[in-house]
Structures are given as structure tokens and as C-alpha cells.
Amino acid sequence: MFDSLTSHLSATFSSLRARGKISHNDLDASCGQMRAALLESDVALEVVDSFVTEIAGKSMAALASMQSGRNQAQAIFEIVNSLLIEILGGSARRVRFAKNPPTVIMLAGLQGAGKTSLAGKLAKFYADQGNTPLLVACDLQRPNAVTQLQLLGASIGLPVFCPEAGNGVGDPVKVARDGIAFAKAKQHNMVIVDTAGRLGVDTQLMSQACEIRDAVRPDEILFVVDSMMGQDAVRTSQAFLDGVGFDGVVLTKLDGDTRGGAALSIASLTKRPIMFISTGEKLSDFDIFYPDRMASRILGMGDVATLAEQAKAALDGDTSKKLEAKFASGEDFTLEDFLDQLSAISKMGSMSKLLGMLPGNAAMKKQVGNFDDGEILRTKAIVQSMTPHERVNPKIINGSRRSRIALGSGRRVSEVNTLLERFIAAQKMMRQVRSGGMPAGMGTMAMPATAPIRPELAPKKKSKSGNPAKRALEESQ
Amino acid sequence: MGLFSKFIAKFTGASAFAPADWAELEAELLASDIGPRLTRDLLEAARRVKSENAQEAMVQALSSRLCLKSRLPIINQGGMSVVMLVGVNGTGKTTSVAKLAGRIKASGATVVIAAGDTFRAAAVEQLQTWGARIGVEVITGKGSGDPAALAFDAAQRARAMNADYLLIDTAGRLHNKRDLMQELEKVRRVVEKITPVSEVLLTIDATTGQNGMAQAKIFSASVDITGIILTKSDGSAKGGIALAIESELDIPIKWIGTGESTADLEPFAPESYIRGLLT
Ligand SMILES: Nc1nc2c(ncn2[C@@H]2O[C@H](COP(=O)(O)OP(=O)(O)OP(=O)(O)O)[C@@H](O)[C@H]2O)c(=O)[nH]1
Ligand SMILES: [Mg+2]
């Protein structure tokens, strides 16, 4: 998500960086670009305008106290980053558990937002942590929504309270009330209430949602929203806030390529935190929302913290320990480790998803989005064509070595280059993760535009580099 | 008074349009989801408008962005017409299949439905419930989970039954998942071994923002979309992305979904859509 925003912002920042000193005109122009990028990303106009105004004000103040353009650009970058984090909700909030169980979570949202699948995902997430959730099927409207929830429950071995088959028959308020009684009787410590999708403008269904709410007295009402949503996010989220109220937001379908500006609009206008994200069709495609990670993703820093976590979860015990030991000893992440991981990583499913989290500018991410997982094999072939020495010291891989590796693996030199550039960027980020964690300390990091993943994507000097590896890179492009 | 009429009033009246009014117009255009680029172009067009024919010109500026292709259903003359419904998750494919089938049946033609969503839990049952409601046969798979095999089988059976129409529901998929798009291409390919696919309709949820453009582009490249169903137009969203899609990709909106029951499907009416964007 946010890819386009990322690419616009990287362009903005790289043009700022190129200046010796940033003038007020430069700043105005950059703010204009930022405004366009945010609008293109579906952020609501009122949110965009107040965001950009605040950036401009804070940047103006920062500029005065700084000498070089580079520092100024860095400062503006940090202002944007921290304001994004702030709007997206500061630090991640968790579900509040009830003092007297069961903790009741009620889902609400438009038709097709993804509530039913989310109910299953939430249930699995909390069951995996030792809770005993009961799913309650209150969507009696959409044909076979109840069946869908039953099947989801069965697939994760969790009970579903569904006295009514639905399909337009039955009283969802009664089901909700009985569901809570059932959960208490069976000592479930958590209840997740799925409800029918409804429009913000449908006052009748909105008051039904209130009745369900009053029957179950939820500890959390979660507003489930499709991350592809446009400007209507403003009206709809306000209608749900006024209509039934909500405490947190869940963003769904984030595995798409949406820019997801609705997230910024909703968080900023309703002041409700985004709590979870849904990222695929499997029940495990679900995570807690991290505002700081999302902000760094917006700014093209890559979601390295998530990557590291997922990598750790997916690696075999052995590989994982090895990697941890290396991390601890301060050793570098090498191409050997990379190769080790590739096979393990295929277990995690989509490679494209993972690579999408690597730092890099948006243009590269776009390419990654088209990544086909057969590329794992090709990447493996490239790494395997390197000598063990090269794998540990990728810096020595100069032009002629690159040609040899390309020949050996049957790939093009440009593919070898791309892999190496990506790897070096990942290695760099890994080092930074180790030395101080992610990612509030953006100030210690290079700006995204200073380390273009693929050189042809950044404005390039005409001159050929004196460094043979760099020169080979230039020549091959 | 809606902004559109206010805008027109300003133009036809003596008073000049103040900067604040331009800002308001920009806000209204943006809020409809037509996107910042189209908004900018339309504002420029509006600024060139002469006051006496402002109303005409403004309607024209917006309407000139509509695609010129026919919005009528494409049918296979003298044979079975096959219609596929495709789109991202939750946009209203299954409901729209039921709505279309209901309309076709009411017109006196024979129609069968293929339950091509072999992936999502209870998707087949959802369609069977609709089939029973409208009295239309729903062909389901043998549980192999292969949508192409099901579609192939359904095409054969529908032809043997001499049906006038075969409507194929498909699983929701995000357009950036290449394997799932290839699966969709395969569905189309195998059906065409039996009979041509006459129409591929893409469901776009009216609440969709600028991502709708990517959806239309990629689905179109993959299975050659012949028309759009703009669903959930009964909500507060204006569905402006559909105008941007028409303008940029030349794909006509053919139907509007306006509710959750089978009667809630209407042929697209350009004029009221255009006015709806601004009021
Ligand atoms: N208000 C309104 N709701 C609609 C409309 N069309 C569909 N829906 C609702 O949107 C939800 C999703 O519709 P489905 O037809 O199941 O969507 P789908 O695209 O088949 O979904 P998947 O198969 O899960 O990808 C259901 O609750 C429908 O009742 C419409 O025009 N207006
Ligand atoms: Mg469906």
C-alpha cells in the first residue's frame, strides 16, 4: 500500500536533497507535490490540507536553524514521518480485556468490507494466545454468511453460536444476546460478534446495530474498512461513529496495491486508532497495526521490522538460531544467510509480500509487485553461482565477477546487479535494526533517496565511476 | 442547494466566481473520487466557460469524459451468451450474478449460473440460496476446487440444456496477485474451448478510491473487460472513479447496483450519474 505516495514523496525528497539550501519557494513546491500525492492516495482533502499546512509550518521553523540543504531535507523528512505516525495513532493499541470475562468484540462496517473473514482471523489470533473465543453469527442478512462463519470456525476448531440459519430470517439482536449468555454459561473468555454489512446512510440498519451493541455491551467495537476505500471514508466513518460508535479500526485487503489513504483520513478525523490489519485470504493473514511501520512504509523505508519478525517465525529452528547468534555477535547478514533463508522463506508463501517490505523506492516495489515466485529459483541460481568467498564478501563482486555469475546462472548481468543492490540494502537495514531497533529513530537512517535500490531509477551523474563494480553497474544499464 | 446548482447559479448570475467558490468546487469534485488529475482538468475547462452557456458547458465537460461505446449487453447472436463476473473481494459479484439472472429470467430467456467461486467458504451455498430464490439452476463443482474445470463443465452442460445465457460467478481476487489473475485467464480460455465468452463484467464498488483504476486496468489486461457494474450506489459514495475509468480506459459502465435484493440493478444512466457526482 501507499506505493504511489512513497514514490511521490521520494521524488519530493530527492529534489529537496539536490538543493544546496532549501528556499521557501522550494518548500512551497514540495508541499504542493505532497498535497497531490496524498490526494492521489485517497486521503480526504480536509486531512491533506491540514497535514500539509502543519508540515509547512514546522518545516519553516526547522529550516531557519539549519545550514546545508541536506540537513534541511532530512529535517523535513523527519517532520513528515513523525506527523504521519502521530496521525496513524502513535503506538499500537491492543484490545482492552474486560475485568469480568467474557471480553466482547463487536464488528461493524459496510457490505463487503471483510467482517466475516476478519471474525475468523481475530478468533484464531486470540485462540493462539490461549483465549477461548466464541464466534457469534449475527449476519442474518447476506445469504449464507452464517454458513461461512461456521466453516471458518470449523477450520480453526472454534465454536460458532448460530441458532439462526440467516438468509433474511431471524433476529440478530436476540442471537447476539443469547450468544453472550451462552458464552458465559460455557465460560468462554472472549466473544466475537459478526454483524451484517450496512450502509452509513441506512438509518434503520444503523439502529439495529445499536440494539445489537446494547444487547452485548461490547468492550470494543471495531469498524472494519476496506483499505481501497476512497473519499467516502470520511462520511461513512462519521456515520458509523455517530450511528453505533466504534473504538478501533481494522484495515482489510492490505495485500492489495492500494495507497490506503483512507486509513489516514479515518484515523485523523475519528481519532480512533487503527488496531489490526488484514492482509490476505488465509486466516493467518492478519496482524496488529503498527503506525510507525506503516509510516516508514509510506516514506519508502520498507517495513523491515515486520520482515525480520516474519523471517524469524518462518525459518527452521536451526537457521533461525544461526541467524540469531550472528545477530547477537554483531556479524553481518551475508548472502550465505540469504541463500539459507530462501528455501525457508518459500514456506512463508508469497515472496512478493516479503520483498515488498524491503526498503526501496516505490518504483522498485512496483517491480516487486509483479514478482513471480518462480523468481526464488532464479535468485537461488544466481547466489549459487557465486563462490563461497563472494557470498560472504559481496563487496568484492566486481564487473567481471558479475559477468561470470550471470553466465553461470544463466541470468542477465542486470539481474545479478539488482539482486546485489537489494541484498546490500537489506543488509544495511538489518544492521540498523540490530543497532537500535526500528524505527522511531529515523534520524539515524539515510534518507530513502540517498540509497536508490536500482541506480537507473535515481537521477544519475553522467560520469563513469572509478569503482569497477559501480562502473560495471553503470555500463550494464 | 447542491454545489452544482450553486455553481451554475454563480455563472448565470452577474457575480463572479470567487476563489473560495473554486476551492469549494475542487473539494466537491475530489470528494466524488474522480481523482485529482481529472479534477484539475475539469476545473481548467470550467474556468474557460463563458457565463451564458455555463450549465451546458459544465455538463459537457463532465459528459465528454464518458466513453462512447455501447452500454447494451453484448450477446452471442444465435448461440448461448456467456457472461463472466470478475472483481476484487467483496465488491458484489455474487449478488450481481443473481440480479442479472433474475432480469434475464424475467425477460423470458433461459439462464443457468456457474458457481465459479470454488475458493471462499460458503460462496457456493450463497449462490445456491440465490438460485433457489429466483428459480435459476446453479451448476456447482465436483469439489475439486478447480474453477476452470467447473466452468468448462458448466459451459458444456448449459449448452446441452440449450440455455440462452450462462452466467459465471468467480472468486474475488486482488488484481495484484498474478497467480490468481492467471487462474481467471484460464477460466476464460477453457470456456472458450466450448463457446465464446460474450461479456466480462467487472464489479467496482462505488466506495472505491483511486485503486479502482488499477483494478480496471489489470482485470482488463487479463480478461478483457467489456463493461462495469458499479455496485453499492445506494450508499453515500458517488462512485467517481468509474468516470475516471471510462475516461482513461474506454470501458463503459453498464449497470448500477442499488441495493441487496435482486431487483436492485439498473442500466447505467449517464446523465443522472454525472449530476450525482456534484450534488
Ligand atoms: N447496499 C448494497 N449492497 C450490495 C450491493 N451489491 C452487493 N451488496 C452487498 O455486498 C456484500 C458482498 O456482496 P457479494 O455479492 O457477496 O460480493 P462478492 O464480490 O461476490 O464477494 P466475494 O465473492 O466474497 O469476493 C453483500 O453483503 C451484498 O449484499 C449493492 O448494490 N448495494
Ligand atoms: Mg462472491
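User: Which chains share the site around ligand 1?
Analyst: A residue counts as near the ligand if one of its heavy atoms lies within 4 Å of it. This is a predicted model, where local features need pLDDT of at least 70, side-chain atom pairs count only at pLDDT 80 or more, and totals for chains, interfaces and linings use all residues; side-chain values use heavy atoms, leaving out hydrogens and water. Residues are numbered from 1 along each chain as its sequence is written, while chains are lettered from A and ligands numbered from 1 in the order in which they are written. The site is shared because the residues that surround ligand 1 come from chains A and B.

User: How many residues surround ligand 1?
Analyst: The closest ones include Lys93(B), Thr94(B) and Arg120(B). By class, the shell has 1 nonpolar, 13 polar and 8 charged residues (Ala, Val, Leu, Ile, Met, Phe, Trp, Tyr, Cys and Pro count as nonpolar, Asp, Glu, Lys and Arg as charged, and the others, Gly among them, as polar). Helix α5 (residues 93–106) of chain B gives the largest share, 4 residues. In total, the number of residues surrounding ligand 1 is 22.

User: How much of ligand 1 does the protein bury?
Analyst: Let's begin with polar contacts, which are pairs of N or O atoms within 3.5 Å (within protein, one must be able to donate a hydrogen and the other to accept it, and residues adjacent in sequence count only if both atoms are side-chain atoms). Oxygen atoms of ligand 1 lie 2.9 Å from a backbone N or O atom of Gly90(B) and 2.7 Å from an N or O atom in the side chain of Arg120(B). Taken alone, ligand 1 exposes 650 Å² (by the Shrake-Rupley method with a 1.4 Å probe; for residues, only the protein chains shown count as cover). Of that area, the protein buries 96%.

User: Where is Gly92(B) found?
Analyst: Gly92(B) touches Thr203(B) and Thr231(B), not counting residues up to four places away in sequence (contact means heavy atoms within 4.5 Å). Gly92(B) and Asp205(B) are 113 residues apart in sequence, yet 7.4 Å apart in space, C-alpha to C-alpha. Helices (H or I, at least four residues) and strands (E, at least two) are DSSP runs, numbered from the N terminus. In those terms, Gly92(B) is in the loop between β1 and α5 of chain B.

User: What is the strand order of the open sheet in chain B?
Analyst: Two strands pair if DSSP finds at least two bridges between them. Strands β2 and β4 of chain B run parallel, joined by 6 bridges, and Val111(B) stands opposite Tyr165(B). The edge strands are β3 and β8, each pairing on one side only. With 8 strands and mixed pairing, the order is β3-β2-β4-β1-β5-β6-β7-β8.

User: At about what angle does helix α7 of chain A run to β2(A)?
Analyst: This helix, residues 172–185, lies across β1, β2, β3 and β4 of chain A. Axes are lines fitted to C-alpha atoms, for helices over the stretch in contact, and angles run from 0 to 180 degrees between N-to-C directions. Relative to β2(A), helix α7 runs at about 165 degrees.

User: Which residue of chain A has a positive phi although it is not a glycine?
Analyst: The place to look is the loop between α7 and β4 of chain A. With a phi of about 60 degrees, the residue is Gln187(A).
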